[in-house]
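Subject: Structure handover

Hello,

Here is the structure I promised you. Please open it and keep it beside this email while you read.

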Amino acid sequence: MPDQAREGDGGAAILEARGVHRGFFGNPVLKGVDIALRPGRVHALLGENGAGKSTLINLLSGALAPDAGDIRIDGHPVTGFSPAAARGAGIAVVSQELSLAADLSIAENIGLGAYPRRFGLVDYRALGEGVQRVCRLVGIEEPPETPVGALSLGRRQMVEIAKALFRRPRVLILDEPTSSLSAHEAGILAGLVRQLAGEGLALLYISHRLNEVLALCSHVTILKDGVVTADRSLEGVEPDALVKLMVGRDADHLFPAWTPSPGETLIRLEGFCAGAVRDVDFEARRGEVVGIGGLVGQGQEDLLQGLYGAIPARAKSVQLAGGAALPGSVEAANRLGLAYVPADRKRESLVLPHSIAVNLTLPSLARLARSGFRDRAAEAGLVADLSQRLAIKGDPSRPVQALSGGNQQKVALAKWLPRRPSILLLNDPTRGVDLDTKREIYRMLRDLAAGGTLVLLLSSDTPELVHLCDRVTVFREGRVAGHLKGADITEEAIVGAALGLGRKEAAA
């Protein structure tokens with residue numbers, strides 16, 4: 001464990017929860033939870049989806065009030081705790097679900113709600129200086145007047161972090177902060193976390209990426225079913241031991257064993273262009289899981305969206321799902337048997353205010369209808385079947401926004417299964433989900449491949465590409481930097497190709 005993660009670890013707690021209970025609709029979520037965030041300490045909060053992490057974060061940030069127990073700041077219980085009171089006490093939260101205004105600029109988002117004032121007016125000079133300070137800290141190089149809506153998901157995440165730091169907090173809560181970041185951006189954040197801890201901030205770090213936790217954090221609190229099952233130093237703890245503390249068993253068999261059995265070619269492209277992708281040759285067969293790797297923003301997403309008809313695409317030669325042309329629209333892609341699961345499930349994949357049942361049945365309503373009318377019984381049967389197959393927790397009538405991130409992701413995937421797609425395009429499908437949910441998703445993908453589906457898996461999680469994929473194509477600057485297969489698929493080879501250090505292998 002790096003020594004710098006240990007420096008300044010201690011002191012009286014700035015922010016505490018003592019014996020907090022919280023439930024919803026008569027169901028207990030937190031049951032007597034204690035946690036203490038101390039200056040100079042990077043404190044990990046771990047637990048599987050549904051363990052109560054989000055509820056605890058909401059209590060610590062004033063978004064919710066405990067049913068019992070109390071929240072303390074500098075040792076004193078607080079009453080009437082609210083998000084405004086939390087901000088006033090120096091508590092900042094960077095949520096996994098971003099809170100940015102897409103139509104406003106980077107600078108406007110960073111200062112939103114905290115614009116410095118002079119004589120009752122916005123002090124634009126002070127605002128500019130503060131924005132420049134936090135942009136330097138987090139490596140934002142885009143002009144401050146750039147609309148946030150024009151940025152990639154990873155860059156928006158960095159703006160969210162800058163927005164939190166603009167207020168000069170005493171406590172910083174980071175919820176899955178690297179889930180959409182490139183390796184370079186994650187490295188910048190790691191250095192920033194160490195710097196802030198060295199300056200005396202108390203940090204709460206929530207992540208399902210255990211190597212990050214062990215590299216950055218000195219203490220951990222683990223929740224399981226709303227109860228603290230471990231609260232201890234991370235000194236000397238190994239990843240497997242940490243997994244066992246979280247889930248109560250060893251980390252074996254995260255990735256399913258399989259024997260590849262590829263069939264006919266479903267995708268063959270020559271000179272493919274879409275968005276940032278330029279003159280790419282690509283081939284994939286039925287029954288394969290083909291990984292798409294590379295640093296964020298190198299064209300991988302444009303490959304998937306171009307295939308799906310979501311952005312304009314062209315090619316010198318095309319063979320796609322038995323057709324000889326690229327789909328000109330999403331509807332045309334669906335008719336060809338393609339399905340796409342975006343990275344941003346809340347904005348692009350799910351209809352949050354609607355129920356689990358509505359989200360699960362949306363792509364299949366026409367197929368389930370009888371004589372042009374909805375078949376409620378068929379819909380209910382489909383919902384029950386999908387919920388059981390993917391272990392989706394929750395009453396189907398509940399809004400999908402009430403689910404944990406892992407269960408939301410299961411819904412985003414499950415809704416396509418009744419259509420039996422021949423090609424399934426996945427954009428970081430395990431972003432921000434726990435180990436058990438990852439295991440279930442991996443099993444489902446291998447089962448789909450065994451049933452003849454071609455799975456294209458774009459992932460920012462390099463071990464996922466290594467252990468789950470039959471072949472991996474790495475992108476760099478919009479072009480193929482390497483085709484890897486078999487024993488050549490290693491983390492070193494993927495990273496090397498992404499950085500322009502690897503040799504280009506012949507396509508399988």
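Phe255 is partly exposed, with a relative accessible area of 22%. Partly exposed lies between buried, under 20% relative accessible area, and exposed, over 50% (1.4 Å probe, protein chains only). This is a predicted model: local features need pLDDT of at least 70, side-chain atom pairs count only at pLDDT 80 or more, and totals for chains, interfaces and linings use all residues. Residues are numbered from 1 along each chain as its sequence is written, and side-chain values use heavy atoms, with hydrogens and water left out.

**Aromatic pairs**

The structure holds two aromatic pairs. Rings of Phe, Tyr and Trp (its six-membered ring) pair if their centres lie within 6.5 Å; planes under 30 degrees apart count as stacked, over 60 as edge-to-face and the rest as tilted.

Phe255 pairs with Tyr442: the ring centres are 4.7 Å apart and the planes sit at 15°, so this pair is stacked. Phe255 is in the loop between α8 and β13 (265-274), and Tyr442 is in helix α16, so the pair ties together parts 187 residues apart in sequence. Helices (H or I, at least four residues) and strands (E, at least two) are DSSP runs, numbered from the N terminus. Tyr442 is buried, at 1% relative accessibility.

Tyr308 and Tyr340 form a tilted pair, 5.5 Å centre to centre with 45° between the planes. Tyr308 is in the loop between α9 (300-307) and β16 (313-314), and Tyr340 is in strand β18 (residues 338-341), so parts 32 residues apart in sequence are tied together. Tyr308 is buried at 6%. Tyr340 is buried too, at 8%.

**Nonpolar cores**

A nonpolar core is a set of buried Ala, Val, Leu, Ile, Met, Phe, Trp, Tyr and Cys residues joined through side-chain atoms within 4.5 Å. The largest one has 123 residues. Leu172, Ile267, Leu307 and Leu456 have the most contacts inside it. Leu307 touches residues including Ile267, Phe272, Leu338 and Leu456, not counting residues up to four places away in sequence. Contact means heavy atoms within 4.5 Å.

**Over to you**

Which residues have the most contacts inside the largest nonpolar core? Find Leu172, Ile267, Leu307 and Leu456 in the model. Then look at the stacked pair, Phe255 and Tyr442.

Best wishes
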